Amino acid sequence: MTKRTKEILDKLDQVYTREYKCYLNHENPGQLLIATMLSAQCTDARVNIVTKDLFVKYENMQAFAEADLKELEQDIKPTGFYHNKAKNIIGCAKKICQLYGGEVPSNLEDLVSLPGVGRKTANVIRGNIFHEPSVVVDTHVKRISKRLGFTKEEDPEKIERDLMKVLPKDHWILYNIQIITFGRQICFARSPKCQECFLTEYCREYKEKQKKSRKKL
(Lines give C-alpha, C1' and ligand atoms only; values in the text may rest on other atoms or scores of the structure.)
Protein backbone atom coordinates (compact mmCIF):
# COMPACT_ATOMS: atom_id res chain seq x y z
CA MET A 1 0.00 0.00 0.00
CA THR A 2 1.39 3.40 -0.98
CA LYS A 3 1.74 6.32 1.43
CA ARG A 4 -0.94 8.20 -0.56
CA THR A 5 -3.44 5.32 -0.32
CA LYS A 6 -2.76 4.97 3.42
CA GLU A 7 -3.39 8.69 3.95
CA ILE A 8 -6.74 8.47 2.09
CA LEU A 9 -7.85 5.40 4.06
CA ASP A 10 -6.74 6.95 7.38
CA LYS A 11 -8.86 10.03 6.66
CA LEU A 12 -11.88 7.88 5.73
CA ASP A 13 -11.39 5.87 8.95
CA GLN A 14 -11.21 9.06 11.03
CA VAL A 15 -14.36 10.58 9.54
CA TYR A 16 -16.52 7.46 9.09
CA THR A 17 -14.90 5.05 11.60
CA ARG A 18 -14.17 1.39 10.87
CA GLU A 19 -17.64 0.24 11.84
CA TYR A 20 -19.26 -2.26 9.48
CA LYS A 21 -22.73 -1.07 8.46
CA CYS A 22 -25.14 -2.44 5.94
CA TYR A 23 -27.71 0.07 4.70
CA LEU A 24 -30.16 -2.63 3.64
CA ASN A 25 -32.26 -4.00 6.49
CA HIS A 26 -32.07 -7.78 6.81
CA GLU A 27 -32.10 -10.56 9.38
CA ASN A 28 -30.51 -13.37 7.35
CA PRO A 29 -28.49 -14.00 4.15
CA GLY A 30 -31.59 -14.65 2.03
CA GLN A 31 -33.13 -11.33 2.98
CA LEU A 32 -29.93 -9.43 2.19
CA LEU A 33 -29.72 -11.18 -1.18
CA ILE A 34 -33.30 -10.20 -2.10
CA ALA A 35 -32.82 -6.64 -0.78
CA THR A 36 -29.62 -6.21 -2.79
CA MET A 37 -31.36 -7.43 -5.95
CA LEU A 38 -34.15 -4.91 -5.32
CA SER A 39 -31.63 -2.09 -4.75
CA ALA A 40 -30.58 -1.98 -8.42
CA GLN A 41 -31.57 1.49 -9.72
CA CYS A 42 -33.34 2.16 -6.42
CA THR A 43 -32.42 3.84 -3.13
CA ASP A 44 -31.71 1.72 -0.06
CA ALA A 45 -34.30 3.75 1.86
CA ARG A 46 -37.06 2.80 -0.57
CA VAL A 47 -35.96 -0.85 -0.60
CA ASN A 48 -36.16 -0.91 3.21
CA ILE A 49 -39.74 0.40 3.08
CA VAL A 50 -40.72 -2.35 0.61
CA THR A 51 -38.90 -5.20 2.39
CA LYS A 52 -40.49 -4.35 5.75
CA ASP A 53 -43.73 -6.00 4.56
CA LEU A 54 -42.15 -8.22 1.90
CA PHE A 55 -40.12 -10.26 4.39
CA VAL A 56 -43.19 -10.79 6.56
CA LYS A 57 -45.18 -12.06 3.58
CA TYR A 58 -42.37 -14.24 2.20
CA GLU A 59 -40.63 -15.78 5.19
CA ASN A 60 -37.91 -17.76 3.42
CA MET A 61 -36.43 -18.78 0.07
CA GLN A 62 -39.06 -21.47 -0.40
CA ALA A 63 -41.81 -18.84 -0.12
CA PHE A 64 -40.10 -16.68 -2.78
CA ALA A 65 -39.59 -19.75 -4.99
CA GLU A 66 -43.33 -20.48 -4.84
CA ALA A 67 -44.42 -16.84 -5.25
CA ASP A 68 -46.92 -15.86 -7.92
CA LEU A 69 -45.04 -13.73 -10.47
CA LYS A 70 -47.76 -11.08 -10.94
CA GLU A 71 -48.33 -10.80 -7.21
CA LEU A 72 -44.62 -10.44 -6.46
CA GLU A 73 -44.36 -7.78 -9.18
CA GLN A 74 -46.97 -5.70 -7.36
CA ASP A 75 -45.28 -6.30 -3.99
CA ILE A 76 -41.96 -4.87 -5.24
CA LYS A 77 -43.30 -2.33 -7.76
CA PRO A 78 -42.03 0.77 -5.87
CA THR A 79 -38.41 -0.38 -6.38
CA GLY A 80 -38.69 -0.04 -10.17
CA PHE A 81 -37.89 -2.56 -12.94
CA TYR A 82 -40.24 -4.84 -11.07
CA HIS A 83 -41.01 -7.22 -13.97
CA ASN A 84 -37.38 -8.24 -14.31
CA LYS A 85 -36.65 -8.17 -10.58
CA ALA A 86 -39.64 -10.39 -9.74
CA LYS A 87 -38.68 -12.92 -12.42
CA ASN A 88 -35.07 -13.01 -11.18
CA ILE A 89 -36.04 -13.27 -7.51
CA ILE A 90 -38.28 -16.29 -8.17
CA GLY A 91 -35.66 -17.90 -10.42
CA CYS A 92 -32.91 -17.23 -7.89
CA ALA A 93 -34.96 -18.60 -4.98
CA LYS A 94 -35.86 -21.75 -6.95
CA LYS A 95 -32.20 -22.45 -7.74
CA ILE A 96 -31.17 -21.87 -4.11
CA CYS A 97 -33.85 -24.30 -2.94
CA GLN A 98 -33.00 -26.90 -5.58
CA LEU A 99 -29.20 -26.79 -5.37
CA TYR A 100 -28.34 -25.39 -1.94
CA GLY A 101 -31.13 -26.59 0.34
CA GLY A 102 -32.62 -23.12 0.65
CA GLU A 103 -29.36 -21.64 2.02
CA VAL A 104 -27.55 -18.82 0.22
CA PRO A 105 -24.13 -20.10 -0.98
CA SER A 106 -20.93 -18.28 -0.03
CA ASN A 107 -18.85 -19.19 -3.08
CA LEU A 108 -18.51 -16.37 -5.66
CA GLU A 109 -19.00 -18.67 -8.66
CA ASP A 110 -22.12 -20.20 -7.08
CA LEU A 111 -23.56 -16.78 -6.29
CA VAL A 112 -23.03 -15.30 -9.76
CA SER A 113 -24.62 -18.40 -11.32
CA LEU A 114 -27.94 -17.40 -9.69
CA PRO A 115 -30.49 -15.50 -11.86
CA GLY A 116 -30.17 -11.74 -11.37
CA VAL A 117 -26.99 -11.97 -9.27
CA GLY A 118 -23.90 -10.18 -10.59
CA ARG A 119 -20.52 -9.65 -8.97
CA LYS A 120 -21.67 -6.57 -7.07
CA THR A 121 -24.55 -8.42 -5.37
CA ALA A 122 -22.36 -11.49 -4.80
CA ASN A 123 -19.66 -9.39 -3.14
CA VAL A 124 -22.22 -7.63 -0.91
CA ILE A 125 -23.29 -11.07 0.35
CA ARG A 126 -19.74 -12.39 0.71
CA GLY A 127 -18.52 -9.31 2.54
CA ASN A 128 -21.47 -8.59 4.81
CA ILE A 129 -22.71 -12.11 5.57
CA PHE A 130 -19.72 -14.42 5.22
CA HIS A 131 -17.05 -11.82 6.07
CA GLU A 132 -15.01 -12.78 3.02
CA PRO A 133 -12.84 -9.86 1.86
CA SER A 134 -14.76 -8.52 -1.13
CA VAL A 135 -14.71 -5.33 -3.19
CA VAL A 136 -18.17 -4.01 -4.03
CA VAL A 137 -18.28 -1.64 -7.01
CA ASP A 138 -21.45 0.46 -7.02
CA THR A 139 -21.99 3.88 -8.62
CA HIS A 140 -20.39 5.74 -5.67
CA VAL A 141 -17.31 3.48 -5.59
CA LYS A 142 -16.90 3.74 -9.37
CA ARG A 143 -17.18 7.54 -9.46
CA ILE A 144 -15.06 8.32 -6.41
CA SER A 145 -12.35 5.71 -7.09
CA LYS A 146 -11.80 7.39 -10.47
CA ARG A 147 -11.69 10.82 -8.87
CA LEU A 148 -9.12 9.56 -6.35
CA GLY A 149 -7.03 8.01 -9.13
CA PHE A 150 -7.42 4.42 -7.91
CA THR A 151 -8.67 3.37 -11.36
CA LYS A 152 -9.20 4.70 -14.86
CA GLU A 153 -11.55 1.90 -15.86
CA GLU A 154 -15.28 2.08 -16.65
CA ASP A 155 -16.09 -1.63 -16.37
CA PRO A 156 -17.03 -2.59 -12.76
CA GLU A 157 -15.11 -5.88 -12.89
CA LYS A 158 -11.93 -4.09 -14.01
CA ILE A 159 -12.44 -1.45 -11.30
CA GLU A 160 -12.87 -4.28 -8.77
CA ARG A 161 -9.50 -5.76 -9.84
CA ASP A 162 -7.77 -2.35 -9.64
CA LEU A 163 -9.12 -1.75 -6.13
CA MET A 164 -8.03 -5.21 -5.01
CA LYS A 165 -4.49 -4.25 -6.03
CA VAL A 166 -4.38 -0.86 -4.27
CA LEU A 167 -6.48 -1.47 -1.14
CA PRO A 168 -5.45 -3.72 1.77
CA LYS A 169 -7.86 -6.64 2.31
CA ASP A 170 -9.05 -5.31 5.67
CA HIS A 171 -10.46 -2.29 3.82
CA TRP A 172 -12.19 -4.00 0.91
CA ILE A 173 -15.73 -4.00 2.33
CA LEU A 174 -14.99 -1.09 4.67
CA TYR A 175 -13.98 1.14 1.73
CA ASN A 176 -17.35 0.48 0.08
CA ILE A 177 -19.27 1.35 3.27
CA GLN A 178 -17.26 4.54 3.79
CA ILE A 179 -17.42 5.63 0.13
CA ILE A 180 -21.20 5.16 -0.03
CA THR A 181 -21.57 7.59 2.91
CA PHE A 182 -18.99 9.98 1.43
CA GLY A 183 -20.74 9.85 -1.96
CA ARG A 184 -24.15 10.55 -0.43
CA GLN A 185 -22.98 13.39 1.80
CA ILE A 186 -20.19 15.18 -0.08
CA CYS A 187 -18.87 13.69 -3.33
CA PHE A 188 -22.01 13.87 -5.50
CA ALA A 189 -21.94 12.95 -9.17
CA ARG A 190 -23.01 16.50 -10.01
CA SER A 191 -21.95 19.57 -8.03
CA PRO A 192 -19.88 17.79 -5.35
CA LYS A 193 -19.35 19.76 -2.13
CA CYS A 194 -15.62 20.28 -2.71
CA GLN A 195 -15.55 23.08 -0.12
CA GLU A 196 -16.56 20.54 2.56
CA CYS A 197 -14.39 17.70 1.28
CA PHE A 198 -11.47 16.32 3.32
CA LEU A 199 -9.93 14.52 0.33
CA THR A 200 -9.49 17.38 -2.18
CA GLU A 201 -5.69 17.11 -2.06
CA TYR A 202 -5.98 13.59 -3.50
CA CYS A 203 -8.78 14.28 -6.01
CA ARG A 204 -7.79 14.33 -9.68
CA GLU A 205 -11.04 16.03 -10.70
CA TYR A 206 -10.65 18.78 -8.09
CA LYS A 207 -7.09 19.49 -9.25
CA GLU A 208 -8.27 19.76 -12.85
CA LYS A 209 -10.97 22.25 -11.80
CA GLN A 210 -8.36 24.30 -9.92
CA LYS A 211 -6.07 24.37 -12.97
CA LYS A 212 -8.92 25.53 -15.24
CA SER A 213 -10.01 28.27 -12.84
CA ARG A 214 -6.40 29.51 -12.56
CA LYS A 215 -6.12 29.68 -16.35
CA LYS A 216 -9.25 31.85 -16.49
CA LEU A 217 -7.71 34.41 -14.11
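Asp13, Arg18 and Asp170 are linked in a network of salt bridges (a salt bridge being a side-chain nitrogen of Lys or Arg within 4 Å of a carboxyl oxygen of Asp or Glu). The model is a predicted one, so local features are reported only at pLDDT of at least 70 and side-chain atom pairs only at pLDDT 80 or more, while totals for chains, interfaces and linings use all residues. Residues are numbered from 1 along each chain as its sequence is written, and side-chain values rest on heavy atoms, with hydrogens and water left out.

First, the overall picture. The protein chain has twelve helices and zero strands, where helices (H or I, at least four residues) and strands (E, at least two) are DSSP runs numbered from the N terminus. The C-alpha atoms fill a box of roughly 65 × 30 × 30 Å along the principal axes. Of the 217 residues in the chain, 45% are buried; here buried means under 20% relative accessible area, exposed means over 50%, and partly exposed is in between (1.4 Å probe, protein chains only). Among contacts (heavy atoms within 4.5 Å) with a separation of 6 or more, 58% are between residues 24 or more positions apart.

Back to the salt bridges. Side chains of opposite charge can pair when their charged atoms come close, and a search of the whole structure turns up 15 salt bridges. Asp13 is buried, at 15% relative accessible area, and Arg18 is partly exposed, at 41%.

The side chains of Lys11 and Glu201 meet at 3.3 Å, N to O. Lys11 sits in helix α1 (residues 3-16) and Glu201 in the loop between α11 (172-185) and α12 (204-216), so this pair ties together parts that are 190 residues apart in sequence. Lys11 is partly exposed, with 25% relative accessibility, and Glu201 is also partly exposed, with a relative accessible area of 46%. Arg184 and Asp44 form a salt bridge too, at 2.8 Å, N to O. Since Arg184 belongs to helix α11 and Asp44 to helix α3, the pair ties together parts that are 140 residues apart in sequence. Arg184 is partly exposed at 39% relative accessibility, whereas Asp44 is buried, with a relative accessible area of 14%.

On to the helices themselves, starting with α2. Nine of the ten residues of α2 are buried, so this helix is largely enclosed by the rest of the structure. The buried set consists of Gly30, Gln31, Leu32, Leu33, Ile34, Ala35, Thr36, Met37 and Leu38. Their cover includes α3, α4 (61-65), α5 (69-76), α6 (82-100) and α8 (119-128).

Two packed helices are described by the angle between their axes and the distance between the axes. The axes of α2 (residues 29-38) and α3 (residues 44-57) come within 10 Å and cross at roughly 140°; axes are lines fitted to C-alpha atoms, for helices over the stretch in contact, and angles run from 0 to 180 degrees between N-to-C directions. The two helices are therefore oblique to each other (under 35 degrees counts as roughly parallel, over 145 as roughly antiparallel, 65 to 115 as roughly perpendicular, and the rest as oblique). Their crossing is right-handed, meaning that the near helix is turned clockwise from the far one by less than a right angle. On the α2 side the contact involves Gln31, Ile34, Ala35 and Leu38, which meet Val47, Thr51, Leu54 and Phe55 of α3. By class, this contact has six nonpolar, two polar and no charged residues (Ala, Val, Leu, Ile, Met, Phe, Trp, Tyr, Cys and Pro count as nonpolar, Asp, Glu, Lys and Arg as charged, and the others, Gly among them, as polar).

The axes of α5 and α6 come within 9 Å and cross at roughly 120°. α5 and α6 are therefore oblique to each other, and α5 passes α6 in a right-handed crossing. Leu69, Leu72, Glu73, Gln74 and Ile76 of α5 make the contact with Tyr82, His83, Lys85, Ala86, Lys87, Ile89 and Ile90 of α6. The tally by class is seven nonpolar, two polar and three charged residues.

Finally, a backbone detail. Most residues other than glycine have a negative phi. Thr17, in the loop between α1 and α2, has a positive phi of about 65° although it is not a glycine. Ser191, in the loop between α11 and α12, likewise has a positive phi, of about 50°. Thr17 is partly exposed at 38% relative accessible area, and Ser191 is exposed at 63%.
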